[in-house]
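Hi,

Here is the structure I promised to pass on.

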Amino acid sequence: MFMSDPSPLRPSRTAGLGFLLWAGVSHAALGQTAGYRDPGRIGDVASWRTPEYLADYGKASMNADQAYARGMTGKGVLVGSVDSGFLGTHPEFAGRITAITNAGTYASSGFRYDSGTARSDFFTAGQPYSVPGTWVRGINDDHGTHVDGTIVARRDGTRMHGVAFGAQVIATNTNGTDASIYGANADYNYFQGAYGSLVAQGARLINSSWGSPPPRDSYNTPAGLTAAYAPFTRQQSWLDAIADAGRAGVIQVVAAGNAGVDNPTIRAALPYFQPDLETNWIAASGLNGADQTQFNRCGVAKYWCLSAPGRGITSTVVNLTTGAAGYGSKSGTSMSAPHVSGALALVMERYTYLTNAQARDVLLTTATHLGGGPADVPNETFGWGKIDLGRAMNGPGQFLGRFDAHLGAGVADTWSNDISDAALRQRFVEDTAEHAAWERIQVARGWTNGLPDTASADDRAEYGWRLARDRAFLTRTYAGGLTKSGDGVLQLTGNSTYTGTTEINGGLLAVNGAITSLANVNAGGTLGGSGRVGGLGVARGGTVAPGNAIGTLDVAGSVAFAAGSTYAVEIAAGRSDRIAATGAAQIAGGSVSVSLENATASLSPSETRSLLGQRYTILTADGGVSGRFDATTPRYTFIGTDLSYGPNGVGLSVARNGTPFAAVGATRNQASVGAGVEALGAGNRIYETILITTDPARARGAFQSMSGELHPSLISAEFATAFFVREAILDRLRWGPTPGSTEATGYGLPPAAYAADLPGRSPPMPPVPMRVMDPRTFGVWGQGFGSFGRARTDGNAASLSRQTSGFVLGADARLENGIRIGVAGGYATTGLDTPGSLQSGTIESGFGGVYGGYESGAVSLRLGAVYADNAARLRRSISVAGLGDSASARTGGDTIQGFGELGYRFAVAGTPGPSPAVFALSSIEPFVGGALVAIGRDRLAETGGFAALTGAAQTYEIGTSTVGLRAQANLDLGFGGPVSARALVGYRRAYGDVVPKALLAFGTGPAFLTAGLPIDRDAVVAQAGLDVRVGRGTTLGVAYTGQVGDRARDHAVKGNLTYRF
C-alpha cells in the first residue's frame, strides 16, 4: 500500500516522485541473517548477482558486479551525506553509518518551505539549533534513509544492499524533509556546519540529494539558469557552504533535479558559474530502467555530469508514523545521486593512489555514452553517459588535462582502457567560441575596461561569472597528458590517443599497448614495456628499459638520449631488448646498462663470462643514428660489454676487452704472472677466476699471491748464509791463532834490563816488543753464530725476515814454508718469513771447505773455497679473487764459493799504561777481498691446489769485492790472560745475478719469470770482537758481525774456540 500522505509534516515535492512502497516486515526479518555466507567470489562476476543484488536494478545497470568481482566494496572510503536524516535503528545500517550532530546559531533569517504561494518553518538570525544526524519523527521524512541505503546498506542476504556496502557513511541532517527549499533562503551557518563537519571528519565525497528548488526558478534555458543564480551572489547562503566543501577537495555529488528541463538546478550546475569547483563536482542526472532520461538533463553541466538509475529504486525506508524500518521504492535524481556516490566510493577504493578529483575523472570518463553526438564526448542530455563500473576498474577513459598518477613504492597497477582526450578537443572548440562571444558582449555593453560604477546587481553577477569562465578558458589545458610519479609501477595496455606528453618522473611506466604521446623519461623515472610510443626522450637521470622481460619498444617517431640518461638492456643467449624507431635517434651521451633477462642488477662477472661472444642489436632508427653513448656497463677488468654504431643502428657485444692481464700489474712480478695466467687460456680455473675479476686491485693481489717470489728470494737468503760461513773462515786467518800473535810471527813481550850504578836498588824492567816465532804449528777451532736479518721490499717482491744459526769447525797446520792450510765444515739453518706469514720456509745447509793463508812480512794473503748442500722447505698461502689455496715445496741445491783477501799490516807500538802490567800492542791492516758465489737450485714442483708451481733448475752467480780496514790490539790486562780486541769495517760491492729470478709455471703451463728480493749491490760490512787466551794454546772469543745495505740488514753474534798445539 502507499504510505500515508506526508503533507501534515511538510509540503510535498513534485507529484509522482515521492511514492513509497511499504513492505510490512518484522524487525527480526529485517535483521541480518545469522551466519550469512556471501556467495560472491573474487574473479567470478556472476556469483555476486544474488536476489539482494538484483533488488536494486541500478547496480546491475552500472555493472557493479564487475567491481565486486575485483574485490571492491567501498571498504576504507568515508562517504558524507547531507539529507533528511537516516533511521539509525535500521538493520541495514548497523556498523555502516555514523550520525553527526549539527549545532550552532543561524547567521540570517529565512525559511525552509515555499509552496509557491506560502512560506513556512521560519528561523531567525541568532537562533540556536542542535540537530542530530539521525531521522527525527515529525521533522524528517524517509528520503535520507532511502538515499543512504542506496549508498551503503549492508550485503547480508536480506532484501537489498547498497552500491558501496563496505564503505562507511557519516551523515548530517537538513532539519527538514525533501520538500525543503535549497534557494538563497537556506542559512549559511547551518549548512556550513552540516558540510563542514563532514569535511572535518575526513569524508572524501558528500552526497546531496536533499530538498527542492525554489518554485519560481526555471532551468530550461541559460537565461533562466542565470536568473536563478543571481540571488546567490547577493548574500551568503547554503550554496557558499557546499562550495566551501568542494574547494576543500571533497567531491560533491549533487542531484540534478526532477523537472525534466534542459539544465540541472543551480547547485548541480554551480561550476558553470564558479569554474574552480568543477574538478570536485558531479551533477547526477537520472535514468529509467530503459536508460531514458525523465529528469533534468545535464545541459551546461555536461562536462561534470553523469547519468545513473533513478526510476523505481528500491532501498531502505522508515514508517513515518511508527518509526519502523522497511524497504520501499522511490524515483528521482535524488536516487541517481547515491548511485553515483556509491560508484565513486568503489572507484576510490580501487585506486587508493589517486586523489579525489582523479577518482572522479575515472568515473566520468569511463561512462557508457548515451544519446546522440560523438561517442567519446559528453552531450547536453546525458553528460558523460551511464556509469560503467566494469570499465572504471580498468583506469581512466580520458585525461581531462594533465593526470598525475602517483604510485608509491610497492604499488603496481594496470590500466587497460584506451585513453584519449577527445572531450578536451571538443571543449576547446566550444570554449573558444564562448571566449569570442564574451569579447563581443564586453564591447556591446561597454565592459571592455570593466564594469561601470552604475552597474546593476544582476550585471555584476553576470560579469563576475563570465569573467571567471573566460579566465578558466585561458588557463585550462586542452591536451590530456599523463605524468607518472612515485616509485611504483603503472602498466598501460590500451591503445591510447591522448595528445599531451607522457612524463615519467618516478618509478616504472610500462607501455604494453600503444600511446601516440611523446614519452619523456625524466630523472628518477623508467619507461618499459613492449608496446609503442609516439616519440621518446630520455633526460639526465631517466631510464628506458624495453620489454617486460626481453622485448622491443617501438617508437613511432624519434628517439633522443641526453647526457646522464640510461638505456637499460636485458639480454640472454641470442636475444636482447631493442628500441625500434621510425624516426631518427640522437644520442648525446648517457650510458647503456646491461643485465641478464629478469635480473635486477647489471650482469655479474660470471654472467658476463657465460655470454662472451654474443652480439645484439639494441637500437634501430629508420631516420639514422647520430651521436654516441658515453659508456656501457658492466665493464669489468678484463671482460664486459661494448657498443658499435652503424648508420641506422647500435650494436651491443659481450666480449673480452683489450686489457691484457699483465696490464693491471703494478710490479714486474705481477705483470709477469698476469701474462702467465693469460697464457693458460679459457677453461683453466685460474684464468677463468681472473677473467671475471671486477677490481684491478684484486687482480694485482692475486698475481702477487701467485708469483712464487719466495723461490728466487731464497737465493738472497742463501747468499747471506754464505757470507757468514765465509767470514768464519776468514776470521780464522785474519786474527791469528792466539791473542798477542800473528799467523807467522808475533810480538812477544820478553823483559829487558839495563844496568845502573844504583847499589841496593832494582832497576825497572819495562817490556820491549820484538818479533819472535810461534812454535805451535797445529790448531783446531770452532765458531758458532746466530743472526737475524730483514730485507725490505723493493716494490716488487715482498719483504723477507730471516733468522740463521750454525757452526763451523776447522783444523789447520802451518807448514815449514810459513803457509797455513786447513779444512772446515759445518751446518747452518735459516728460517724465512714474509709479512703475515703468507710465505715461509727453512733452509738447511751442510758445508765443507778448504782454506789457506800466507804472510810475508806485513803482507797477508788468505784464500778459501766452500761447498754447501742446501735443502729448502717452503710454504705459500695463496688468495685468488676469493679462492684460497696453499702450496708447499721441498727443493734442493748447492752453494759453491771461492774467496780471497789480501792485506797489509802496520804494526803500531804500544804505550805503557799506568801500570807496568798494562801494555797495548796494536796493528792495523787495510785489505781488499773478493768472492765468487755460485748458488744452484734444483727443479721444483710444489704440491697443493690449483695454483701450485713448477720451476726449472737454475744457477745464480754473484761476485763480490770488498775493501776495508781492520785493526787489532793485543792487551795484557794483568789478570794472567792476554786479550785481543779487534774490529773491521769495509765496503762490499756485489755483481752478477744480484736480482735473482726464477722461471716458474702453473703445472705444465707456459713459464713466466718471477724476481725475488735483490741482493744489495752496495753494503757496509763490520765486525768487532774480543778474544781471551784462557790457557796455553787455548783461546775463547765473542764477536759481532754485520752487513748493512740499502734494503737488507743482517746482524750476527759469534762465539769461537781455538786450540793450538
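Let's begin with E462: its relative accessibility is 12%, and because buried means under 20% relative accessible area, E462 counts as buried. Keep in mind throughout that this is a predicted model.

E462 has a charged partner. Its side chain meets that of R466 in a salt bridge, at 2.7 Å from N to O. Both sit in helix α14 (residues 457–475), and because they are 4 residues apart there, about one helical turn separates them.

That pair is one of 46 salt bridges in the structure. As a reminder, side chains of opposite charge can pair when their charged atoms come close. Here are a few others to look up in the viewer:

- R876 and E942 have side chains that meet at 2.6 Å, N to O, in a salt bridge. R876 belongs to strand β45 (residues 859–880), while E942 is in the loop between β49 (940–941) and β50 (943–944), so this pair ties together parts that are 66 residues apart in sequence. Both residues, R876 and E942, are buried.
- D361 and R360 form a salt bridge too, with 2.5 Å between the closest N and O atoms. Again, D361 and R360 are both buried.
- There is also a network of salt bridges, which links E727, D731, R734, R862, E901, E925, R966 and K1054.

Now for the cysteines. How many disulfides does the structure hold? It has 1, formed by C298 and C305, with the sulfur atoms 2.1 Å apart. The torsion about their S-S bond is about -60°, so the disulfide is left-handed.

Last, the nonpolar side. In soluble globular proteins, nonpolar side chains tend to be buried together. In this model, the largest nonpolar core has 149 residues, and L389, W415 and L527 are those with the most contacts inside it. Which helix gives the most to this core? That is α10 (residues 333–350), with 9 residues. The core draws at least three residues from domain 1 (58–393) and at least three from domain 3 (481–656). Another core lies apart from it, with 37 residues, including F661, A702, I958 and A990.

Cheers

Definitions and conventions: Residues are numbered from 1 along each chain as its sequence is written. This is a predicted model: local features need pLDDT of at least 70, side-chain atom pairs count only at pLDDT 80 or more; totals for chains, interfaces and linings use all residues. Side-chain values use heavy atoms; hydrogens and water are left out. A disulfide is a pair of cysteine sulfur atoms within 2.5 Å. A nonpolar core is a set of buried Ala, Val, Leu, Ile, Met, Phe, Trp, Tyr and Cys residues joined through side-chain atoms within 4.5 Å. Buried means under 20% relative accessible area, exposed over 50%, partly exposed in between (1.4 Å probe, protein chains only). Helices (H or I, at least four residues) and strands (E, at least two) are DSSP runs, numbered from the N terminus. Domain bounds come from an automatic or database domain assignment. A salt bridge is a side-chain nitrogen of Lys or Arg within 4 Å of a carboxyl oxygen of Asp or Glu.
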